[in-house]
Amino acid sequence: MATSPPHPSYPSGPADGAPLAGPGTAGSLRHAHWWQRAWVRYGALSTLLAISGLVILALVREETGTEGFLVGLGLAVLPVPLLIAAFRWLDRVEPGPWRNLLFCFAWGACAAALIAIVANSFATRWIATATADPSSADTLGATVIAPVVEESAKAAAVLLVFLFRRRDFTGIVDGVVIAGVTATGFAFTENILYLGTAFGTDQLTGGTGIASVTAATFFVRIVMSPFAHPLFTVLSGIGFGIAALSADRRPLRRVVFPLGGLLLAMGMHAMWNGSSAFGEYGFFAVYAAFMVPIFGLLTWLVIWTRQRELKTVRAELPAYAVAGWLTPAEPYALGSMRARRIARQYARRHVGKAAAREVARYEAYATSLAFLRHRARRGRAGPDFAVREGELLGELWRRREVARPALDHAARITAPPVPVTAPPWPVYGVYGYGPQPTPYPAYNPYRS
């Protein structure tokens, strides 16, 4: 049975910048083996991705030619900013670090794409040789081999973040974002190959304009289905996200859900690749009957999950307000995306961009703190709960002078008014979240 975490104690006024965590972990790092050091892991991973990138660049350029590669690159990059922005928007409640997204995109564009090209080509050639039927080998490769190889290669990035960046992987939204960005990188490289090849075909046949193979490929891959690969891999990400929500004492769930998500991703990918076998309008039938509804369902699931995360923030942070770590207005303001935005705008307008960035960091740390306490109450926080809680409280305490006035202002702007007739239960201040009858003017450094 899960036990509630200890009630946070009132801050005793540590000096700004002093860490609040327990005994430092620096000593344990000094005794770590050389291969466990962060710079060694980052260096090895960066080298692997760089080599994969150079090899995939050479392979794609050899397949498309220099001119075709440049045309494919210019067209394939168009949907990338939109997809990255969409996934970043989904992750606004507790934004993950950019380094995770950069790794995922690079893995999808370089490592996963290289694995897919080599494995798919080898498997298709082997099937064609064994069966002496190249056409059936191509069909089998597209509908069976490619979905298995490509989804496994993309899911490897999600697995690596799940295993080695667990602090940043706490639920379904994190799984969706990490998987989606990985698949965006993979689709980017694949689109360069397809569009560059189509351009080469047009160069040979003289096709131009809207009737060209390049235009048709661009319409199908960039206009109609830029979300296809992200949609497949997001199913794997949801499986890992559910596993992240499972307690450590239920290891079976932490294996079954990721595998289930991966199998669903493979199945969806196979159906998409095999849609041409359903007749002249098979592609449009699969697109309308499966892709669009599933895309809408997954979008609803992610937005619903994000709303639940905001409710968790509003439910968990009042304990820290009671203990004095937060002002009474902050739990409400931090549980509203509109209030958060107003707080950042207020800080930017009165102090500058640096203050707005500090407020954004304050919001992110407070959200992580709420999720940490929520996991602790459900028995999923791990043995380092107290250390991690202290680290997050320390980050908040260092930024309180800048963030509190902005959040106080946002709460006053967005909070519903208190009824004139007092209810029979205690009302939490003018914002509904604390015993203070007035805001915190002492914390306002913006006053001239």
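1. The chain folds into 16 helices and zero strands; both are DSSP runs numbered from the N terminus, with helices being H or I of at least four residues and strands E of at least two. Bear in mind that this is a predicted model, where local features need pLDDT of at least 70, side-chain atom pairs count only at pLDDT 80 or more, and totals for chains, interfaces and linings use all residues. Residues are numbered from 1 along each chain as its sequence is written, and side-chain values use heavy atoms, with hydrogens and water left out.

2. Some overall numbers. Of the 448 residues, 46% count as buried, which here is under 20% relative accessible area, while exposed is over 50% and partly exposed lies in between (1.4 Å probe, protein chains only). Among the contacts with a separation of 6 or more, 77% come from residues 24 or more positions apart; a contact is heavy atoms within 4.5 Å.

3. Take H16 (residues 400-414). Its 15 residues should span 21 Å at 1.5 Å a residue, and the end C-alpha atoms sit 20 Å apart, which agrees; the expected span is 1.5 Å times one less than the number of residues. H16 is mostly covered, with 11 of its 15 residues buried, including Arg 400, Arg 404, Asp 408 and His 409. The cover over those buried residues includes H12 (330-334), H13 (337-350), H14 (353-377) and H15 (385-398).

4. H13 is one of those covering helices. Its 14 residues reach 20 Å from first C-alpha to last, close to the 20 Å expected at 1.5 Å a residue. The buried residues of H13 are Met 337, Ala 339, Arg 340, Ile 342, Ala 343, Tyr 346 and Ala 347, and what covers them includes H10 (282-316), H12, H14 and H16. Just after H13, Gly 352 takes a positive phi of about 145°.

5. Now the H14/H15 pair. Their axes come within 9 Å and cross at roughly 155°; axes are lines fitted to C-alpha atoms, for helices over the stretch in contact, and angles run from 0 to 180 degrees between N-to-C directions. The two are therefore roughly antiparallel (over 145 degrees; under 35 is roughly parallel, 65 to 115 roughly perpendicular, the rest oblique). The crossing of H14 past H15 is left-handed, meaning the near helix is turned anticlockwise from the far one by less than a right angle, with clockwise being right-handed. The residues of this contact divide into 10 nonpolar, one polar and four charged. Nonpolar covers Ala, Val, Leu, Ile, Met, Phe, Trp, Tyr, Cys and Pro; Asp, Glu, Lys and Arg are charged, and the others, Gly among them, are polar.

6. Then there's H8 (residues 228-245) on H10. They pack at an angle of about 50° with axes 11 Å apart, so they count as oblique to each other. Ala 228, Leu 231, Phe 232, Val 234, Leu 235 and Ile 238 in H8 meet Met 291, Ile 294, Phe 295, Leu 298 and Leu 301 in H10. That contact splits into 11 nonpolar, no polar and no charged residues.

7. Glu 190, in H6 (residues 172-205), counts as buried at 13% relative accessibility. Leaving out residues up to four places away in sequence, Glu 190 touches Glu 150, Arg 221 and His 229. Ala 119, in H4 (residues 98-131), counts as partly exposed at 25% relative accessibility.
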